[in-house]
Amino acid sequence: MKKIFIAAILLLAFAWHSSLFAQIGGLSGSKLDALCAGVVPGKKIEFEPGFYHLRASKYWDENGSLKNLYSTDDSIRKITGMNFRFSYGVFEKLELGTAISTDLSVSSWGAKFVVFQNQKIGVSVMAGANIPFGNREINKKARLSQLLTSVGGGAIFSANLTENLSFDFNGQYMFFTKRPDDNNKGSWYFNADFGYYVFKHQLQLITGIMYQDAVFKGNYTSQIFTIFPGITLETGKHFIIVLSAPFDVYGVNALKNSGITFALTILID
């Protein structure tokens, strides 16, 4: 049980600091963590470099009780990194994309297809795979979750509730192509973002939430619930600045993280 717990902690830590690579990645969004139903315009590319900095000094145990991660208060776990996303509009309803970490250790590949869309609502389906490349010494016999390919699919819903208020939601399920040593059976991910425009649609105030649930052998689970306050600054025609300060508020067998993220979304004709 202790080995499973350690493996779950590592999995959820990896998934949180780079949810881009734990979930279906490489696809476009209009806010923070949730994807939007719309796709990149046909024959155009959306390029997005992103930066994140996260820290943790506590974790939730199997009962959801908060514990100190280290024996002394002078220790803390920090993760800082970058990634790049490339999303291509194949045609009016289809988008393909990939996201790659700057150390080239992991990649995420996705496809999004619009099922229905009008001025008020949109519905899309998505599918993808997360493929670790590896950029360090690896024990080939060890099947760690973060070193195995995962695949999955999901659905996206977007709604323009008013002229300034909009909502994006997506749910997806990911599973590994080979059984990992921690006996992870698969993970559910749910993301939702509410955005409200001010200053003539130049600034969007956003509140996002994310819930992850990984199930292991013996009905052992690892859960985490995260809140994403943030903004998008949309003063240019071909770029958007995205800022957020995510923090975990609930978990089971998971680290309690908080941090900041930054991304620059650029549309290339």
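## Basis

The model is predicted, so local features need pLDDT of at least 70 and side-chain atom pairs count only at pLDDT 80 or more, while totals for chains, interfaces and linings use all residues. Residues are numbered from 1 along each chain as its sequence is written, and side-chain values use heavy atoms, with hydrogens and water left out.

## Nonpolar surface patch

Phe91, Phe113, Val115, Phe116, Ile121, Val125, Phe157, Phe169, Trp188 and Phe190 make a nonpolar surface patch of about 850 Å². Such a patch joins nonpolar side chains (Val, Leu, Ile, Met, Phe, Trp, Tyr) within 5 Å, from residues with over 30% relative accessible area and no salt bridge. Areas come from the Shrake-Rupley method with a 1.4 Å probe, and for residues only the protein chains shown count as cover.

At least two patch residues come from each of strand 5 (106–117), strand 6 (121–132) and strand 9 (184–198); strands are DSSP runs (E, at least two residues), and helices are runs of H or I of at least four, both numbered from the N terminus. Strand 5 gives the most, with three residues. Phe169 is in strand 8 (residues 165–176) and is partly exposed, with a relative accessible area of 32%. Buried means under 20% relative accessible area, exposed over 50%, and partly exposed in between.

Phe169, Tyr173, Phe175, Trp188 and Phe190 form one aromatic cluster.

## Salt bridges

The structure holds five salt bridges, each a side-chain nitrogen of Lys or Arg within 4 Å of a carboxyl oxygen of Asp or Glu. One of them joins Lys31 and Asp168 (2.9 Å, N to O). Lys31 is buried at 6% relative accessible area, and Asp168 is buried at 3%.

Arg85 meets Glu46 at 2.8 Å, N to O, and Glu48 at 3.3 Å between the closest N and O atoms. Glu48 lies in strand 1 and Arg85 in strand 3, so their bridge ties together parts 37 residues apart in sequence. Through shared partners, Glu46, Glu48 and Arg85 join into one network.

How values were computed: Patch = residues over 30% accessible without salt bridge, like charges linked within 9 Å, V, L, I, M, F, W, Y side chains within 5 Å. Buried < 20%, exposed > 50% of the residue type's maximum accessible area, 1.4 Å probe, protein only. Phe/Tyr/Trp six-rings, centres within 6.5 Å; stacked < 30°, edge-to-face > 60°.
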